[in-house]
Amino acid sequence: MSRVITIDPGKSKCGLILAEISEKKVYKAIILKSELLGDYVRNLIAAENISKIIIGNGTTSREIIEKLYFFKKEIITFEEKNTTYRAKARYFELFPINGLQFLIPREVFILNKNLDAISALIILEDYCKTKFTLNQTIDIKTWLK
């Protein structure tokens with residue numbers, strides 16, 4: 001099985017998704033400092049069979065591609081317009097509000113959350129034209145910053 005990496009690039013931090021397209025499943029979802037991205041991807045490539053990297057075409061996409069010079073397979077830039085805005089709605093699809101939490105305004109649940117990994121997920125879903133599910137072991141509360 002081959003996996004893909006999708007990146008929502010940013011100046012200071014990036015969202016990154018590792019997914020299996022054939023299973024429509026996300027195995028890693030992380031937010032990391034942009035300067036750590038190259039080493040993190042290098043380690044993922046050493047551990048996983050990565051067939052391609054998909055990068056949102058935002059402001060820092062060129063710099064991110066330069067950091068990934070060592071990846072000798074396909075690197076694709078893909079439209080990321082409105083992904084940060086759409087990530088808020090997708091967050092509640094992935095992590096529905098339960099019980100009495102319905103009484104609390106939805107915005108409270110995402111106030112301090114970095115949605116960059118969910119933005120990367122949306123880039124992947126737009127690219128594949130299908131929704132993905134999260135592997136059971138992914139916990140949004142433990143994403144790095």
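This note sets out numbered points on a predicted model, moving from the overall fold to individual residues.

1. Overall make-up. The secondary structure of the protein consists of five helices and six strands. Read from the N terminus, the elements follow the order β-β-β-α-β-α-β-α-α-α-β. Of the 145 residues in the protein, 44% are buried. The accessible surface is about 8300 Å², and carbon and sulfur atoms account for 53% of it. Where contacts join residues at least 6 apart in sequence, 61% of them join residues at least 24 apart.

2. Helix H5. The 13 residues of H5 should span 18 Å at 1.5 Å a residue, and the computed separation of its end C-alpha atoms, 18 Å, agrees with this. Ten of these 13 residues are buried, so the helix is largely enclosed by the rest of the structure. The buried stretch comprises Asp 116, Ala 117, Ile 118, Ser 119, Ala 120, Leu 121, Ile 122, Ile 123, Leu 124 and Glu 125. Their packing partners include strands S1 (3-8), S2 (13-20), S3 (25-33) and S4 (50-56). Strand S5 and helix H3 (83-94) also pack against the buried residues of H5. Just after the helix, Lys 129 adopts a positive phi of about 55°.

3. Nonpolar cores. The largest nonpolar core holds 22 residues, and those touching the most other members are Ile 17, Ala 19, Val 26, Ile 118, Leu 121, Leu 124 and Phe 132. Elements S2, S3, H3 and H5 each give two or more residues to this core. H5 gives the most, with seven residues. Another core, of 17 residues, lies apart from it and has Cys 14, Leu 37, Ile 50 and Ile 55 among its members.

4. Leu 68. This residue is located in the loop between helix H2 (61-67) and S5. Leu 68 has a relative accessible area of 0%, so it counts as buried despite its place in a loop. Setting aside residues up to four places away in sequence, Leu 68 touches Ile 7, Gly 38, Val 41, Ile 53, Ile 55 and Ile 75. The C-alpha atoms of Leu 68 and Leu 37 are separated by 8.6 Å, the two residues being 31 residues apart along the chain.

5. Thr 83. Helix H3 contains Thr 83, which counts as buried because its relative accessibility is 1%, below the 20% cut-off. When neighbours within four places in sequence are left aside, the contacts of Thr 83 are Asp 8, Ser 119, Ile 122 and Ile 123.

6. Aromatic pairs. There are three aromatic pairs by the rule applied here.

7. Arginines over rings. Arg 3 is placed over the face of Tyr 27, at 4.0 Å from the ring centre. Arg 42 is placed over the face of Phe 70, also at 4.0 Å from the ring centre.

8. Positive phi values in loops. Most residues other than glycine have a negative phi. Lys 24 has a positive phi, near 55°, and sits in the loop between S2 and S3. Lys 24 is partly exposed, with a relative accessible area of 37%. Asn 82 also has a positive phi, near 65°, and lies in the loop between S5 and H3. At 46% relative accessibility, Asn 82 counts as partly exposed.

Notes: Residues are numbered from 1 along each chain as its sequence is written. This is a predicted model: local features need pLDDT of at least 70, side-chain atom pairs count only at pLDDT 80 or more; totals for chains, interfaces and linings use all residues. Side-chain values use heavy atoms; hydrogens and water are left out. Rings of Phe, Tyr and Trp (its six-membered ring) pair if their centres lie within 6.5 Å; planes under 30 degrees apart count as stacked, over 60 as edge-to-face and the rest as tilted. A charge sits over a ring if NZ of Lys or CZ of Arg is within 6 Å of the ring centre and within 35 degrees of the ring normal. Helices (H or I, at least four residues) and strands (E, at least two) are DSSP runs, numbered from the N terminus. The expected span of a helix is 1.5 Å times one less than its number of residues. Buried means under 20% relative accessible area, exposed over 50%, partly exposed in between (1.4 Å probe, protein chains only). Contact means heavy atoms within 4.5 Å. A nonpolar core is a set of buried Ala, Val, Leu, Ile, Met, Phe, Trp, Tyr and Cys residues joined through side-chain atoms within 4.5 Å. Accessible areas come from the Shrake-Rupley method with a 1.4 Å probe; for residues, only the protein chains shown count as cover.
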